[in-house]
Amino acid sequence: MTTTTLSLGAALNAGLRRALEHDRKVVIMGEDVGRLGGVFRVTDTLQKDFGDNRVIDTPLAESGIIGAAFGMALRGYRPVCEIQFDGFVYPAFDQIVSQVAKIHYRTQGRVTAPLTIRIPYGGGIGAVEHHSESPEAYFAHTAGLRVVTPSNPADAFHMIQQSVAADDPVVFFEPKRRYWDKAEFDLDAEPDLPLHRARVAREGTDATIVAYGSVVPTALSAASIAADEGHSLEVIDLRSLSPIDFDTIEESVRKTGRLVVAHEASTFLGLGAEIAARISERCFYQLDAPVLRVGGFDVPYPPAKLELHHLPDADRLLDAVDRSLAA
């Protein structure tokens with residue numbers, strides 16, 4: 001086994017490189033993905049190594065990017081589109097939810113759309129308006145789309161390849177404030193989980209925290225602090241937002257009896273609401289306290305100077321845990 005230390009952004013680059021090498025029908029397209037290598041340099045050097053007919057700089061037109069990629073997917077290609085920032089995806093929303101998501105159902109399974117849509121999302125980088133949003137619930141609500149998000153470099157490396165290989169459209173959310181987080185892993189190892197399986201990131205007995213994307217490291221930090229205070233918290237990295245691996249969550253909650261769900265997006269109608277409702281149904285007699293949610297506030301994303309007050313931190317997670325344990 002040969003391990004390598006990579007940042008999450010570099011792991012995505014390595015995963016995309018593997019996908020391009022594995023299948024000549026894989027193409028990457030988006031604004032500045034070629035010569036510049038992307039705003040976050042996730043596609044750095046790929047155009048140089050694979051040519052501008054496979055790593056394609058597009059006009060600044062998100063609807064056009066997705067529309068063109070959809071047509072290519074129908075003709076047998078496997079396009080990987082980059083939406084430069086989360087807040088820029090909305091011009092392409094109609095293409096994604098009205099066309100891409102429905103083609104398989106509309107054709108009774110005869111036509112597939114193997115299309116991956118990469119979206120850097122979330123806050124924590126001090127960006128300006130429209131550059132720090134969490135629109136994942138819009139897409140998870142849309143039948144016909146797979147929606148996933150990694151929280152660490154190893155998952156980023158494997159999940160981007162699994163997404164590109166899928167015959168269904170995948171919306172691949174990349175937690176932008178974790179692009180520079182580094183970890184050591186084996187590039188030649190097989191993925192340890194299927195694309196849509198959640199991971200128990202830390203085992204515990206007193207309460208379960210479910211998180212995804214950028215909030216997973218926050219949840220792990222909260223669990224470490226809680227351990228110093230005598231509480232054992234189990235942390236589940238959701239990884240897949242549609243479909244959701246409810247079985248893994250249910251197994252954990254049946255053991256701990258308590259659940260806190262955390263994400264950056266607003267708690268109102270967020271992913272945490274669906275998880276809370278489903279687990280309340282499935283684990284009603286095992287729950288020792290109501291399911292609690294911790295997330296962003298129900299406001300437009302605040303200016304950079306205020307964003308740390310908006311994002312869930314370890315203190316807010318531990319406050320919810322304390323309320324759950326006191327119930």
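1. Quick term first: contact here means heavy atoms within 4.5 Å. Keep in mind too that this is a predicted model.

2. On the α1 side you have Leu8, Ala11, Leu12, Ala14, Gly15, Leu16, Arg18 and Ala19, and they meet Pro153, Ala156, Phe157, Ile160, Gln161 and Val164 of α7. Sorted by class, this contact has 11 nonpolar, 2 polar and 1 charged residues.

3. Now the geometry of that pair. Helix α1 covers residues 8-22 and helix α7 covers 153-165; their axes come within 8 Å and cross at roughly 30 degrees. Angles under 35 degrees count as roughly parallel, so α1 is roughly parallel to α7. As for handedness, the α1/α7 crossing is right-handed.

4. Next, the nonpolar cores. The largest one has 44 residues, and the members that touch the most others are Ile96, Ile249, Leu259 and Ile275. Elements giving two or more residues to this core include the helices α3 (62-74), α4 (93-100), α9 (246-256) and α10 (271-282), along with the strands β5 (116-121), β7 (170-175) and β13 (259-266). The top contributor is α3, with 5 residues.

5. Ile96 is a handy one to click on. Leaving out residues up to four places away in sequence, Ile96 touches Ile66, Val89, Ala101, Ile117, Phe139 and Leu145.

How values were computed:
Residues are numbered from 1 along each chain as its sequence is written. This is a predicted model: local features need pLDDT of at least 70, side-chain atom pairs count only at pLDDT 80 or more; totals for chains, interfaces and linings use all residues. Side-chain values use heavy atoms; hydrogens and water are left out. Axes are lines fitted to C-alpha atoms, for helices over the stretch in contact, and angles run from 0 to 180 degrees between N-to-C directions. Helices (H or I, at least four residues) and strands (E, at least two) are DSSP runs, numbered from the N terminus. Angles under 35 degrees count as roughly parallel, over 145 as roughly antiparallel, 65 to 115 as roughly perpendicular and the rest as oblique. A crossing is left-handed if the near helix is turned anticlockwise from the far one by less than a right angle, and right-handed if clockwise. Ala, Val, Leu, Ile, Met, Phe, Trp, Tyr, Cys and Pro count as nonpolar, Asp, Glu, Lys and Arg as charged, and the others, Gly among them, as polar. A nonpolar core is a set of buried Ala, Val, Leu, Ile, Met, Phe, Trp, Tyr and Cys residues joined through side-chain atoms within 4.5 Å. Buried means under 20% relative accessible area, exposed over 50%, partly exposed in between (1.4 Å probe, protein chains only).
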